[in-house]
Amino acid sequence: MVAPHPTPAELDLLRWIPFLPLLGTVLNLALGARLGRRAAGWLATLAVAASFGLSLYVFLELSATAAFRDRVYTWIQSGSFRADLSLQVDALAAVMLLVVTGIGALIHLYSIGYMGHDEDAVRFFAYLNLFVFFMLLLVMADNLLLLFVGWEGVGLCSYLLIGFWYRDPANATAANKAFIVNRIGDFGFILGILLAVTELGRGGVWTLDFAQMQANVGLLAPAKLTLITLLLFAGATGKSAQIPLFVWLPDAMAGPTPVSALIHAATMVTAGVYMIARLHFLFALAPLTLSLIALVGGATAFFAATIALAQNDIKRVLAYSTVSQLGYMFLAAGAGAFSAAIFHLFTHAFFKACLFLGSGSVIHALGGEQDMRKMGGLKPHLPRTYWTYLVATLAIAGAPLTAGFFSKDMILWQLFQRGWHGLWLLGLITAGLTAFYMFRQLFMVFHGACRAEPEVRARLHESPAVMTVPLIVLALGSIFSGWLGAPDYLWGSRWDAWLRPVFGGHPAGEHGDLGAEILTTLLTLSVVAAAIYLAYLCYGRAAAAADPLSTLGAPYRLLAGKYYVDEIYDLLFVRPFTAISRWLAEVCDPGLVDGAVNGIAAVARGLSEAWRELQTGNVQHYLLGFLAGTLVLLAYYLGRI
């Protein structure tokens with residue numbers, strides 16, 4: 001059962017939440033060169049921190065069953081269709097606001113230290129603020145059209161930030177890849193929006209306003225509703241990097257590390273999950289689409305986790321980890337447990353941001369090195385980075401009482417309780433894989449003997465406080481944020497109570513058989529503990545000369561090669577498209593298009609040349625022509641007589 005949309009109260013304050021980061025962008029673009037890199041960083045950080053302060057105020061003023069709205073102006077008015085530039089905050093949007101602005105502010109603060117020596121830091125902070133602005137617009141939109149503006153805005157900003165170091169062709173290629181792959185998903189998203197407004201219009205309701213869509217969802221025929229949700233889900237697969245459109249996210253590591261943290265934790269990739277949760281009243285009535293979402297989510301979670309097992313780039317491991325954890329969120333959403341999906345999004349933001357920023361601290365200490373095979377033994381050199389990284393690793397692995405434990409346990413229990421036993425087993429195996437590859441990374445980076453070059457080893461140092469303080473805050477969040485969703489056999493969930501008015505009567509927090517829930521939890525913990533111990537045996541006891549997994553031979557090469565998905569896409573899509581484009585450019589364009597245009601021009605030129613021969617300027621020639629014409633006319637008329 002879907003809960004009715006609450007009637008919002010007007011609150012003009014809301015517009016300032018996205019406006020402040022936008023103002024930060026404008027000021028940095030206008031005055032950043034005069035302010036200097038560090039001042040530009042602080043300006044951008046304060047803009048997002050102020051948005052967080054306002055978001056926290058709104059959250060404290062908001063009850064779970066209420067909503068606030070700020071109608072800025074009427075954006076489109078055409079016949080019966082109307083769309084406002086209107087912002088809205090309900091219980092779901094309030095959670096997302098705290099994630100985007102809170103995690104975003106910490107990433108901005110960290111960036112002051114990380115990007116302090118980059119000559120283009122002012123441009124970086126302007127882009128970073130713009131990224132947050134568009135994500136806030138997406139979260140606070142009260143209609144699907146405005147949400148789409150934010151949706152495309154974060155896509156644009158990701159392109160700008162992934163290709164931030166654009167002088168390196170590899171970075172420009174990665175940015176293009178992210179942009180193009182997302183356009184494929186967005187094409188489906190646009191079709192879904194158009195079909196939704198058309199079908200509602202057939203029923204006499206021309207709107208994309210969420211509240212009105214929810215109130216009139218009964219006007220949509222089941223077949224059309226399924227098609228609409230499938231098209232919208234196509235957009236989500238691109239933005240949230242699910243099969244088959246996940247290939248852009250690992251390459252997005254080409255951008256600066258804070259960008260990776262922002263994309264993976266607080267903004268872009270969460271947009272697809274949020275969109276499905278926001279439109280849950282559509283998806284809940286489309287069981288076929290929900291089943292597909294669950295299957296795609298489960299397959300993506302497992303698939304990406306296996307790839308992460310054999311990667312050696314510290315950021316690439318985390319990138320595939322993000323794809324896998326997003327798969328968990330879609331798995332929950334597909335099972336109808338929207339509250340559990342958003343809960344994992346919430347906890348994941350803390351430990352994934354901590355892990356990415358921690359990896360940035362490691363890369364910063366090693367002078368840009370990202371290959372884990374050239375690391376090791378960093379624990380005594382980077383103590384604050386190590387301990388925070390350990391906490392975040394425990395959280396993502398699902399160690400007891402950490403944030404990841406509670407949110408992942410909620411998803412797995414919801415799957416088991418609702419009869420999705422096959423996907424529950426897949427999620428359980430993926431939990432073991434996650435624990436293994438994350439502790440493999442921890443042992444390879446921080447334990448054993450240091451494998452860095454001597455000159456790099458001599459310069460090892462902990463990052464400055466402006467970088468480690470955000471790590472400490474995020475590490476604390478990696479533990480305590482999960483306590484909001486504790487199961488009933490502990491102290492109970494406040495999370496479900498907060499979001500139940502949004503998602504209605506879905507029993508996201510109903511635990512039913514406590515005995516069965518405890519048994520499944522113990523089984524999950526056993527799998528996770530076994531995986532951690534196996535990682536310790538392989539990587540923790542001593543530094544191995546070669547990766548123990550490499551003894552697997554062909555399976556290892558398959559995982560290290562990422563199942564050769566990029567190569568398959570290149571063979572099936574990129575090369576044929578390139579060949580067709582080359583044929584159009586080299587054959588079709590000069591032969592047909594240019595040939596037709598040039599042929600017409602040549603005929604016109606020939607006729608002009610022939611006509612020009614008659615224009616000799618000799619009067620005698622003209623009189624002779626006149627006489628010949630007169631004779632022809634006379635002959636014609638005399639012949640008729």
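This is a predicted model: local features need pLDDT of at least 70, side-chain atom pairs count only at pLDDT 80 or more; totals for chains, interfaces and linings use all residues.
Visitor: Which residues of H21 are buried?
Guide: Start with the general idea. An α-helix has 3.6 residues a turn, so residues three or four places apart point the same way. Now take this case. H21 spans residues 495-503. Its buried residues are Trp495, Asp496, Trp498, Leu499, Val502 and Phe503.

Visitor: What covers the buried residues of H21?
Guide: Several helices do, among them H2 (37-61), H3 (91-114) and H11 (270-278). The cover also includes H12 (280-283), H15 (338-365) and H17 (403-417).

Visitor: At what angle do H18 and H22 pack?
Guide: The angle is about 30°, and the axes are 8 Å apart. Angles under 35 degrees count as roughly parallel, so H18 is roughly parallel to H22. The crossing is right-handed.

Visitor: Which residues make that contact?
Guide: On H18 (residues 421-446), they include Trp424, Leu428, Phe436 and Phe443. On H22 (residues 514-540), they include Leu523, Val527, Ile532 and Tyr539.

Visitor: How many disulfides does the structure hold?
Guide: A disulfide is a covalent bond between the sulfur atoms of two cysteines. This structure holds zero.

Visitor: Is Cys157 buried or exposed?
Guide: Buried means under 20% relative accessible area. Cys157 is at 1%, so it counts as buried. Cys538 has 22%, so that residue is partly exposed.

Conventions:
Residues are numbered from 1 along each chain as its sequence is written. Side-chain values use heavy atoms; hydrogens and water are left out. A disulfide is a pair of cysteine sulfur atoms within 2.5 Å. Buried means under 20% relative accessible area, exposed over 50%, partly exposed in between (1.4 Å probe, protein chains only). Helices (H or I, at least four residues) and strands (E, at least two) are DSSP runs, numbered from the N terminus. Contact means heavy atoms within 4.5 Å. Axes are lines fitted to C-alpha atoms, for helices over the stretch in contact, and angles run from 0 to 180 degrees between N-to-C directions. Angles under 35 degrees count as roughly parallel, over 145 as roughly antiparallel, 65 to 115 as roughly perpendicular and the rest as oblique. A crossing is left-handed if the near helix is turned anticlockwise from the far one by less than a right angle, and right-handed if clockwise.
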